[in-house]
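Please find my notes on this model below. They are set out as numbered points, to be read alongside the sequence and the coordinates.

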Amino acid sequence: MPAWFTKNESEPRLNPVFATQKLACPHCHCPVEAAARAVTLRCPNCAKPLQFQDAIFNRSSVENVTTLGQVRVHRKATLKGTVDCGSLVVQGSLEGMVNVRGEARIDAKATFTGSLTTRRLQVERGGCLRGTLCIGESNAESHTA
Ligand SMILES: [Zn+2]
């Protein structure tokens with residue numbers, strides 16, 4: 001439904017330096033415009049807090065993570081849960097339902113098990129991905145005419 005979704009798809013280049021970023025609220029999927037360096041913000045539509053912090057996992061944990069920042073699972077760490085994040089780096093093991101708005105990276109010796117939806121995917125030689133994979137826009141609402 002939001003027009004900028006279509007625009008984003010036709011212009012997939014990433015621009016790391018910009019004053020504002022257009023995002024989809026992970027809770028209600030409505031478009032949100034935020035300052036590039038925002039740390040916390042409330043969605044103007046559903047009023048739920050949006051997290052921009054990176055979530056770094058250094059040990060094994062079972063957790064559901066929702067952030068517009070990066071989720072990183074370090075070597076020797078295991079994360080199980082539902083993840084909705086801006087970008088993903090797996091160096092250890094990740095198991096669950098994962099939705100990445102930007103790029104997902106699975107490093108050498110890393111393992112992903114479960115369901116992965118991402119815009120871009122990079123798997124290093126030796127990295128392992130088991131499960132279902134969807135590359136492209138995950139938000140079903142964007143497909144409605
Ligand atoms: Zn919302």
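1. In what order do the five strands of the open sheet follow one another, and is the pairing parallel or antiparallel? In this predicted model, the order is β5-β8-β10-β12-β14 and the pairing is parallel. Two strands, β5 (55-57) and β14 (120-123), form the edges, and each of them pairs on one side only. From one strand to the next, the twist averages 5°.

2. Within that sheet, β8 (residues 70-73) pairs with β10 (residues 87-90) in the parallel sense, over four bridges.

3. For the chain as a whole, the secondary structure comes to one helix and 15 strands. The protein chain has 145 residues, and buried residues make up 23% of them. Taking contacts between residues at least 6 apart in sequence, 7% join residues at least 24 apart.

4. R59 deserves a separate entry. This residue lies in the loop between β5 and β6 (61-62). Is R59 buried or exposed? R59 is exposed, because 11 other C-beta atoms lie within 10 Å, and a residue counts as exposed at 12 or fewer.

5. R59 and A77 are 18 residues apart in sequence, while their C-alpha atoms are 4.2 Å apart in space.

How values were computed. Residues numbered from 1 in each chain as written. Predicted model: local features only at pLDDT ≥ 70, side-chain atom pairs only at ≥ 80, totals over all residues. Buried ≥ 20, exposed ≤ 12 C-beta atoms within 10 Å, placed from the backbone. Contact = placed C-beta atoms within 7 Å. Pairing = 2+ DSSP bridges. Axes fitted to C-alpha atoms, helices over the stretch in contact; angles between N-to-C directions.
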